[in-house]
Amino acid sequence: MAASGIPSGRILIQGAHLLTQDPDLKTLTGDVLIDDGRILEVGPDLDATGATVIDGTGRAVLPGFVDTHRHTWQGAIRQTGIGWDFAHYRKYIQLTWGPEFTPDDVYIGNLVGALGALDAGITTLRDESHIQNSPDHTDQAVKALQDSGIRGVFAYGWPSVDSNKWMLRGEATHPADIRRVREQLLTDDDALVTLQAMLRGPELSTLEVSSQDLALARDLGIRSSMHVGNGPWGPQFRGIGSLGKAGLLGDDLLFIHCCTSDDDELRMLADSGASASVSAAIEAVLPGLGVPATARLLAHGIRPSLSVDTEATVAGDMFNVMRAAIAAHGIGLSLQPEIYEKLPSFTPADLLAFATIEGARASGLDHITGSITPGKDADLIVLRLDDANLTPANDIAGSIVGAGHPGNIETVMVAGRVVKHQGRLVHVDLNQVREQASASRDRLLATPAAAD
Ligand SMILES: [Zn+2]
């Protein structure tokens with residue numbers, strides 16, 4: 001243990017309910033031994049010699065959550081758009097504030113977003129970063145992820161200036177600066193922060209552009225994501241379908257939303273080995289985006305990952321996303337029983353798997369994180385089941401999914417480094433972060449709104 005009292009080095013979590021997400025270990029009561037950032041052993045009555053013990057009595061231990069899609073740069077303007085529709089999102093985020101972001105705004109947005117994620121037990125964050133207004137913006141986005149202590153995937157997107165050039169069928173190809181980032185900034189695929197590409201795909205750009213962008217990402221040896229099945233654009237441009245027809249699908253792709261992708265497209269997604277990300281919370285609240293595709297994906301044999309999307313309009317934790325998926329499915333059963341009664345249902349245990357191991361898989365990181373498996377990095381969360389809102393925890397997975405919140409999370413560690421201890425983030429000065437985030441927010445919100 002360090003002088004600060006924060007466990008470090010060799011750590012033993014003792015006597016906890018372990019929801020391992022490992023198909024061999026399943027769920028058990030026992031210990032997790034951690035050393036040198038990795039999970040060494042999992043089982044009952046492990047030897048505590050030389051280890052700092054974390055008492056797991058009355059606690060659940062899970063792999064850290066994996067958020068596979070968040071526009072983290074919007075962290076400091078979080079919850080400014082509760083109740084917005086897409087027209088408002090476009091007006092304020094894409095046309096008013098996005099172009100105003102300085103590199104410093106990107107830094108503090110990403111930092112406060114990543115810290116909020118860590119506090120909520122999200123240890124891996126796929127940062128879908130479409131704020132590449134200059135190379136300095138890019139560098140500050142990456143630096144904030146690195147400074148935050150989170151396991152980050154920096155998914156290099158496009159600029160938030162000249163929106164019409166980039167969005168809504170824009171014809172510009174992906175920024176070539178991604179090559180600099182690959183060759184100079186994020187060269188090590190074993191580092192805590194790694195590079196992927198956030199591409200616009202056939203619905204936000206064109207098939208021609210998507211084909212060139214994908215060739216670039218594949219040339220750089222990195223995975224790519226795209227937003228598809230976005231409300232009316234899904235049936236109109238068929239993101240997955242048109243890529244499939246062009247022979248461009250592959251298991252290096254992550255498709256986000258898929259709300260209005262048709263059954264043929266979901267079958268193509270499954271056949272190609274690609275992954276999916278359901279952002280159930282925002283899909284439930286943003287009119288017209290479409291219904292969360294959770295059960296439709298399952299019907300095609302695809303176990304989705306989950307994501308927050310943007311904190312401008314929803315909460316930044318996975319509990320909210322998991323509960324939104326349940327709520328949306330219930331509403332589907334009420335409104336369209338002829339469709340929903342034929343679809344598979346899903347349990348709290350399924351949702352915890354979607355939020356952990358499936359997220360790791362969708363991020364290409366399941367060899368490192370996503371389950372409590374010896375040999376993997378120690379990305380773990382300890383959650384108090386004896387808090388007033390959960391006790392007596394009648395069904396552990398059900399309790400966590402149905403009623404858990406970030407305040408129940410006592411300990412968070414990323415690669416064995418404890419960043420949340422006794423319920424508080426301990427590796428940052430939150431007062432300083434708050435000051436910088438407030439200043440950034442004040443400046444951005446003072447920008448005159450773009451014309452409708
Ligand atoms: Zn998104």
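Predicted model: local features only at pLDDT ≥ 70, side-chain atom pairs only at ≥ 80, totals over all residues.
A residue counts as buried when its relative accessible area is under 20%, as exposed when that area is over 50%, and as partly exposed in between. By this rule Arg 180, with a relative accessible area of 22%, is partly exposed.

**Nonpolar cores**

- The largest nonpolar core has 100 residues, and the residues with the most contacts inside this core are Phe 255 and Ile 400.
- Helix H2, which spans residues 103–119, supplies the largest share of this core, namely 9 residues.
- Two domains take part in this core, since at least three of its residues come from domain 1 (11–63 + 370–421) and at least three from domain 2 (65–362).
- Leaving aside residues up to four places away in sequence, Phe 255 touches Met 226, Val 228, Ile 240, Leu 243, Leu 249, Leu 269, Ala 274, Ser 275, Ala 276 and Ser 277.
- There is also a second, separate core of 17 residues, which includes Ile 6, Ala 16, Leu 380 and Val 382.
- As a general background, nonpolar side chains tend to be buried together in soluble globular proteins.

- Lys 420 and Asp 119 form a salt bridge in which the closest N and O atoms are 3.1 Å apart.
- This pair links distant parts of the chain, with Lys 420 in strand E16 (residues 417–421) and Asp 119 in helix H2, 301 residues apart.
- Lys 420 is buried, with a relative accessible area of 1%, whereas Asp 119 counts as partly exposed at 26% relative accessibility.
- Arg 180 and Asp 139 also meet through their side chains in a salt bridge, with an N to O distance of 3.0 Å.
- Here too the pair links distant parts of the chain, as Arg 180 belongs to helix H5 (residues 177–185) and Asp 139 to helix H3 (residues 135–148), 41 residues apart.
- Asp 139, at 25% relative accessibility, counts as partly exposed, and Arg 180 is partly exposed at 22%.

- Asp 264 counts as partly exposed at 41% relative accessibility, and Arg 267 counts as partly exposed at 39%.

**A salt-bridge network**

- Arg 303, Asp 350, Glu 358, Arg 361 and Asp 366 are linked with one another in a network of salt bridges.

Note on methods. Residues numbered from 1 in each chain as written. Heavy atoms only, no water. Core = buried A, V, L, I, M, F, W, Y, C linked by side-chain atoms within 4.5 Å. Buried < 20%, exposed > 50% of the residue type's maximum accessible area, 1.4 Å probe, protein only. Helix = DSSP H or I, 4+ residues; strand = E, 2+ residues; numbered from the N terminus. Domains from an automatic or database assignment. Contact = heavy atoms within 4.5 Å. Salt bridge = Lys/Arg side-chain N within 4 Å of Asp/Glu carboxyl O.
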